[in-house]
Amino acid sequence: MTSVAPSIMLFAAGFGTRMGALTKTCPKPLIKVAGEALVDHTLKLTRGIPHTNIVANTHYLPDMMCDHLQPLGVQVSHEYPEILETGGGLRAALPMLDTNPVITMNTDAIWAGPNPLSLLLENWDPDRMDALLTCVPVAQAVGHNGPGDFTANDSGQITRGPGLVYGGVQILKTDMLDAIPEKSFSLNVLWDQMMDRGTLHATPYPGRWCDVGHPEGIKLAEDLLADV
């Protein structure tokens with residue numbers, strides 16, 4: 001368990017292409033589920049843990065994102081002219097983030113169960129870990145097709161394989177970002193390096209989780225929330 005009060009990075013820059021027509025005039029984080037924007041569901045989770053500041057990256061329809069986030073006290077890291085993906089976006093936002101490690105959160109998921117951020121902080125061990133990912137057993141991943149992203153051993157170390165779906169929430173050290181030469185890159189690049197070092201870990205989520213990256217996920221997520 002850690003007493004760290006981390007900074008939080010929200011990934012909110014993407015185009016949301018899987019949402020089709022729904023994101024033609026609305027960024028995906030502002031799509032509503034059960035009457036609230038997806039990003040507001042995400043922000044609710046942050047209120048349950050100690051943290052310093054919250055930063056969100058923007059690129060697609062940034063004015064709408066800024067108008068929504070800045071009154072809520074969320075700082076904005078705008079990516080222009082190109083989108084930087086998750087790894088590049090996190091690295092670009094580091095001057096605005098107050099801590100190392102940081103928590104990163106996708107903004108297109110609904111959680112039903114304990115706060116995943118609390119679980120991260122309870123299980124984070126910086127002496128053994130460079131990153132700790134909240135992962136959902138496939139059977140508890142609502143609307144998810146596929147065998148999963150990771151396989152864990154008895155110590156919680158993970159490698160690519162079936163069984164666990166990455167839920168889009170993690171705590172990680174940012175030291176290794178500087179050595180990646182590309183400007184735009186996925187955090188998968190960093191995870192692969194951590195896997196080679198044996199320092200990429202997962203904490204399994206005991207509740208249920210729904211990916212709202214596609215239109216069908218909206219109804220599935222609303223049904224999930226109605227069951228809570």
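Predicted model: local features only at pLDDT ≥ 70, side-chain atom pairs only at ≥ 80, totals over all residues.
Biologist: Which ring pairs with that of W191, and what is the geometry of the pair?

Modeller: For a pair of aromatic rings one looks at the angle between the planes, and an angle over 60 degrees counts as edge-to-face. The rings of F150 and W191 have centres 5.8 Å apart and planes at 70°, so this pair is edge-to-face. F150 belongs to strand β10 and W191 to helix α5, and the pair links these distant parts of the chain, 41 residues apart. F150 is buried as well, with a relative accessible area of 1%.

Biologist: How many aromatic pairs does the whole structure hold?

Modeller: A search of the whole structure gives 5 aromatic pairs. One of them joins W111 and Y205 edge-to-face, at 4.8 Å centre to centre with 80° between the planes. Because W111 lies in strand β7 and Y205 in the loop between β13 and β14, this pair ties together parts that are 94 residues apart in sequence. Y205 is buried at 1% relative accessibility, and W111 is buried at 13%. Together with W209, these two residues, W111 and Y205, form one aromatic cluster.

Biologist: Which pockets should I look at, and what lines the largest pocket?

Modeller: A pocket is read from its volume and then from the residues around it, and the largest pocket here has a volume of about 800 Å³. Its lining has 36 residues, and those closest to the centre are F11, K28, T86, N106 and D108. Strand β12 gives the largest share of this lining, 5 residues, and by class the lining divides into 13 nonpolar, 15 polar and 8 charged residues. The second largest pocket holds about 220 Å³ of space, and W111 is among the residues closest to its centre, as are H41, L45, I110 and L225. The lining of that second pocket has 9 nonpolar, 4 polar and 1 charged residues, with α1 and β7 each supplying at least two of the lining residues.

Biologist: Where does N57 lie, and which side chain does the side chain of N57 meet in a polar contact?

Modeller: N57 sits in strand β4 and counts as buried, at 3% relative accessibility. Its side chain is joined to that of E79 by a polar contact of 2.8 Å. Beyond its sequence neighbours up to four places away, N57 touches residues including M9, F11, S77 and G89.

Terms used. Residues numbered from 1 in each chain as written. Heavy atoms only, no water. 1 Å grid on protein atoms, 1.4 Å probe; cavity = no way out; pocket = protein on both sides within 12 Å on 5 of 7 lines; lining within 4 Å. Points joined across faces, edges and corners; volume = space filled by probe spheres on them. Helix = DSSP H or I, 4+ residues; strand = E, 2+ residues; numbered from the N terminus. Nonpolar A, V, L, I, M, F, W, Y, C, P; charged D, E, K, R; others polar. Buried < 20%, exposed > 50% of the residue type's maximum accessible area, 1.4 Å probe, protein only. Polar contact = N/O pair within 3.5 Å; in protein donor to acceptor, adjacent residues only side chain to side chain. Contact = heavy atoms within 4.5 Å. Phe/Tyr/Trp six-rings, centres within 6.5 Å; stacked < 30°, edge-to-face > 60°.
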